[in-house]
Amino acid sequence: MPSLNELVRRHTTLTGADVEWLHNLVSEWQLLSDLSFADLVLWIPTWDGIRYVSVAQMRPNTGPTSYQDDMVGHLVPRGRRPLLDAAFDEGRIVREGDPEWREEVPVRVESIPVRREGKVLGVIARNTNLLTVRTPSRLELTYLQSASDLAQMIAAGSFPYPGVEQTDMDAAPRVGDGLIRLDADGIVTYASPNALSAYHRLGLTTDLVGSHLGRATAELAPPSRGAVHEALVKLASGWAPRQTEVEAQGGVVTLRAIPLKPKGVLTGSLVLARDVTELRRRDRELMTKDATIREIHHRVKNNLQTVAALLRLQARRMDSDTGRAALDEAVRRVGSIAIVHETLSQTLDERVAFDEIADRVLAMVMELSQDGKVTTRRTGSFGILAAEVATPLAMVLTELLQNALEHAFGPKASGSLEVSALRGRAPATGMGWSDSWNGGAKPDEYLLITVQDDGRGMPEGFDPQQAGNLGLQIVRTLATNELGGTFDMVAGPGGGTKVVLEIPVR
């Protein structure tokens with residue numbers, strides 16, 4: 001289905017400001033559809049003026065639909081729907097005419113001109129399914145009267161509200177959540193059962209009808225400073241288009257005020273109310289869990305750093321060079337895990353940007369291990385990794401770097417060491433990515449890591465899958481068992497040694 005922008009660009013000559021106005025209208029018109037119990041279709045005249053194109057459609061949540069099929073993208077010539085012509089040409093709401101019959105369903109059609117700064121941009125066709133029409137209740141009469149006021153505001157160009165920041169419609173209360181109708185003085189003339197229940201959650205013990213909603217709401221809310229109190233009174237009185245949350249007696253209610261000015265003068269307002277108590281409770285639980293998890297990572301990091309400090313102290317007291325070297329290796333291993341936990345303690349989820357960790361591991365190994373003049377660099381990006389991947393990968397990277405510095409270069413020797421990372425959607429074949437990989441449709445499924453030096457190279461007959469010290473054994477175990485990937489060591493193309501890791505990270 002084409003978007004509103006595509007249809008407007010293809011078929012009309014509307015300006016960018018006009019299109020933005022239509023977007024604002026479409027983001028708000030679920031309100032009109034629900035209050036009207038009707039489908040809405042937005043028709044815009046084409047650039048040549050001989051047809052209309054439907055650019056948006058909305059079905060009601062409060063009643064049956066009049067259109068089983070999608071109407072977006074349909075074109076109709078002028079003259080086929082006289083109500084569209086009359087509303088667009090005369091700039092007025094048109095309700096004349098008999099009901100239309102669609103698949104044995106009677107439908108009442110009304111046309112509402114969409115005006116912006118005195119210019120009619122298009123027409124909203126409001127289609128009401130009459131099959132289930134019955135004697136309206138007080139709630140339905142209030143809905144229809146409010147819909148009529150909004151339709152007049154759209155025709156006059158005063159809705160959506162010019163210059164007012166748009167409401168987050170995902171979080172905003174809807175008509176069915178709870179509706180309160182106020183008069184021009186902010187007195188409640190009608191409150192739906194859901195709206196009354198929401199106020200009962202805040203601690204209200206009486207009826208709302210006849211009370212001043214702003215003052216009643218402020219009295220329910222906890223005591224606050226004068227400016228905050230007055231702002232709440234004004235918002236709940238419906239004097240300006242605003243949205244806020246009120247919390248009292250353990251309940252939380254979202255309020256959205258919609259002033260009604262069908263003839264340019266405030267005649268009343270709608271206040272939509274939604275009980276979000278349970279939603280906010282779950283949000284707070286999640287925030288508490290997130291904070292707890294971050295605190296755990298922080299404490300683990302502190303404990304690991306303490307262990308590393310103790311090992312470092314013990315190493316200084318060792319007379320054996322072999323024992324001291326073993327303890328130094330343990331310090332680096334513990335430190336690499338601590339770096340991951342430190343990064344996790346600063347995030348909101350169990351995912352980390354591994355580039356930062358790789359850079360810190362590289363700096364740590366170089367600082368603790370090398371007295372020579374080996375230069376290092378990292379190329380490519382590891383991207384975002386889950387904690388269960390980041391922790392063993394940090395260990396693997398630490399071991400590979402330490403192994404390269406220890407065996408590729410002699411004491412005081414110079415050289416270069418490069419770590420590279422490449423993410424893609426297809427596994428590698430042999431030493432390179434398969435031909436099907438192009439970084440396209442399904443990214444971030446595999447991570448290819450190489451650690452390459454220009455040192456003395458591997459000894460003749462060395463088998464990286466079997467031989468090696470404790471560090472290489474750790475690398476093989478973590479790479480294959482923990483990370484589910486592959487590990488290999490080969491001679492570098494220009495000398496030295498190249499280590500290749502391929503890890504699935506989907």
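Me: At about what angle to β6 does helix α4 run?
Reply: This is a predicted model, in which local features need pLDDT of at least 70, side-chain atom pairs count only at pLDDT 80 or more, and totals for chains, interfaces and linings use all residues. Residues are numbered from 1 along each chain as its sequence is written, and side-chain values use heavy atoms, without hydrogens and water. Helix α4 (residues 82–90) lies across β1 (38–45), β2 (51–58), β5 and β6. With axes fitted to C-alpha atoms (for helices over the stretch in contact) and angles from 0 to 180 degrees between N-to-C directions, α4 runs to β6 at about 145°.

Me: Which strands does helix α5 touch?
Reply: Contact means heavy atoms within 4.5 Å. Helix α5 (residues 138–156) packs on the sheet, and its direction makes about 40° with that of β5. The strands touched by α5 are β5 and β6.

Me: How many bridges join β5 to β6?
Reply: Helices (H or I, at least four residues) and strands (E, at least two) are DSSP runs, numbered from the N terminus; two strands pair if DSSP finds at least two bridges between them. Strands β5 (residues 105–116) and β6 (residues 119–129) run antiparallel. Val114 has Gly122 in β6 as its bridge partner. The number of bridges joining β5 to β6 is 10.

Me: Which are the edge strands of the open sheet?
Reply: The open sheet has 6 strands in the order β3-β2-β1-β6-β5-β4, with antiparallel pairing. An edge strand here pairs on one side only. The edge strands are β3 (75–77) and β4 (100–102).
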